[in-house]
Amino acid sequence: MFTFRTFLLGTAAAAAAAGAVLAASEPDKATAAAIKARQSHMTLYAFNLGALGAMAKGERPYDAGAAQAAADNLAALVSMNQGAYWPAGSDSDSVTGTNALPKIWEDFAGVAEKGKALAQAVAELQEAAGMDLDSLRPAVGAVGKACGACHKAYRKPKE
Amino acid sequence: MRAALIFVAPVVAALLAALFLATQPRRADPAALAGVEGDAGRGARVFWAGGCASCHAAPKAEGDARLILSGGRRLVSPFGDFIAPNISSDPDHGIGGWSVADLASALRHGTSPDGAHYYPAFPYTSYAKMTYQDIADLRAFLAGLPASDRPNAPHELGFPFNIRRAVGLWKLLYFDTEWVLQDAPTPKLARGRYLAEALGHCGECHTPRNALGGLDRSRWLAGGPNPAGKGRIPNITPARLDWSEAEIAYYLETGFTPEFDSAGGEMAEVVENLSHLPPEDREALAAYLKAVPPVP
């Protein structure tokens, strides 16, 4: 039901949205493409981790071949050069459509260190994935830790 | 008029005296600690379930550095900024000199060894339900952690919140030690309730607060605006959190959501802490989250 209260709330939400747009502008074409590329990269991580996680959680029976394939994909993804995905001015303060905090561009050494930790965890997962479920479980957990370390430091919390 | 004043003044004085007494800091009962022996091994589990490192480790500390409880982290709130104190084993700057009773008074009553109220930014409102055994075990574990000589910084609070004695009044109003989930019929649910409502202090962030910072227990775990300013804290009652128990337990272990996004922000630290617990504790937490009343 539309009441005066919902009207007020709607107006407040619209004003807040307008404020956000003022603070961060619509990205230009090249920036939007870079944001889409890096988010797609994240989606590919998530898809492959999903296959491994389903086994680790016991939702799907362990399948050594499928586990190895997913881990190999993750290793390939980690090895890709992502430099062009992160152009200057594509942070969450500058443009809409991203949760990438400006800190990423201010603390490159920190980002690189966390990237290295992820690569290390994925390398260990690649070793463990095809062995058995007991080897897979902690290795997926370690990758989760590496994901979280970066998200904690460099991703804007969800609104 | 004068006669009325003569009659009223003692009543007012008596009321003020009663209020003064009722808002005095309280201490743990030493008799309850008699014969309770602390064990550092068990204390590690209490430490990680209690999330002590999230506030008391140095800002941005990672890995083993999170065991150096030098404090210094800033907790932003509508009342001002709280600066987490040093609770390392240093006898001068930390809490190395504390007895088990001192720790019990702090955790269960929000009272410092010198008899002052702590601000409820320190979640004694949850820790109040801790068992004396867990407190003794935690004491033993903390004693074995490294010392840090970082001096404590004062909180940066505005008037009237900087009047520490007034916390006694706040405690009268909002310091409620009843379980929120009244029925926990299985050992697993009872463990989950203890982990969530006492040690893990989930409600301190996930339950909305009123203007004076009291928890709205009718909206337990229903989320709300982040008191630190940015974003919202999610509703984790069954009304919104539709993950399975296995998915919740896995999230608490690895940070992975069912979509294989991963936890960020402060929750990433909570996951770091909870990943140290045995699996049955995370399963108990998941069972608890499925059992709390759904709040739309």
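Because the model is predicted, local features are given only at pLDDT of at least 70 and side-chain atom pairs only at pLDDT 80 or more, while totals for chains, interfaces and linings use all residues. Residues are numbered from 1 along each chain as its sequence is written, chains are lettered from A in the order in which they are written, and side-chain values use heavy atoms, with hydrogens and water left out.

**View 1. Where chain B meets chain A.** Here 22 residues of chain B are in contact with 23 residues of chain A (contact means heavy atoms within 4.5 Å). The size of an interface is often given as the accessible area lost when the parts come together. For chain B and chain A the buried area is about 1,800 Å², with carbon and sulfur atoms giving 55% of that (buried area is the accessible area, with a 1.4 Å probe, that two parts lose on being put together, summed over both). On the chain B side, Tyr250(B), Phe256(B) and Phe260(B) lose the most area to chain A, together 30% of what that side buries.

View 2. Between chain B and chain A the count is 4 salt bridges (a side-chain nitrogen of Lys or Arg within 4 Å of a carboxyl oxygen of Asp or Glu). Look for Asp261(B) and Arg155(A), which form a salt bridge with their closest N and O atoms 2.9 Å apart. Helix 11 (245-254) and helix 12 (265-274) of chain B each supply at least two residues of the side that touches chain A (helices are DSSP runs of H or I, at least four residues, and strands are runs of E, at least two, numbered from the N terminus). Helix 11 of chain B gives the largest share of that side, 5 residues. By type, the chain B residues touching chain A divide into 7 nonpolar, 6 polar and 9 charged (Ala, Val, Leu, Ile, Met, Phe, Trp, Tyr, Cys and Pro count as nonpolar, Asp, Glu, Lys and Arg as charged, and the others, Gly among them, as polar).

**View 3. Aromatic rings in chain B.** The structure holds 13 aromatic pairs over all chains (ring centres of Phe, Tyr and Trp, the last by its six-membered ring, within 6.5 Å; planes under 30 degrees apart are stacked, over 60 edge-to-face and the rest tilted). Tyr124(B) and Phe175(B) make an edge-to-face pair, because their ring centres are 5.4 Å apart and their planes lie at 65°. Tyr124(B) sits in helix 6 (residues 124-127) of chain B and Phe175(B) in the loop between helix 8 (167-174) and helix 9, so the pair ties together parts 51 residues apart in sequence.

**View 4. Phe256(B) beside Phe260(B).** These two rings have their centres 5.0 Å apart and their planes at 35°, so the pair is tilted. Phe256(B) counts as buried at 1% relative accessibility, and Phe260(B) is buried too, at 7% (buried means under 20% relative accessible area, exposed over 50% and partly exposed in between, with a 1.4 Å probe and protein chains only).

**View 5. Around Gly192(B).** Gly192(B) is found in helix 9 (residues 187-199) of chain B and is buried, with a relative accessible area of 0%. Leaving out residues up to four places away in sequence, Gly192(B) touches Ala284(B), Leu285(B) and Tyr288(B).
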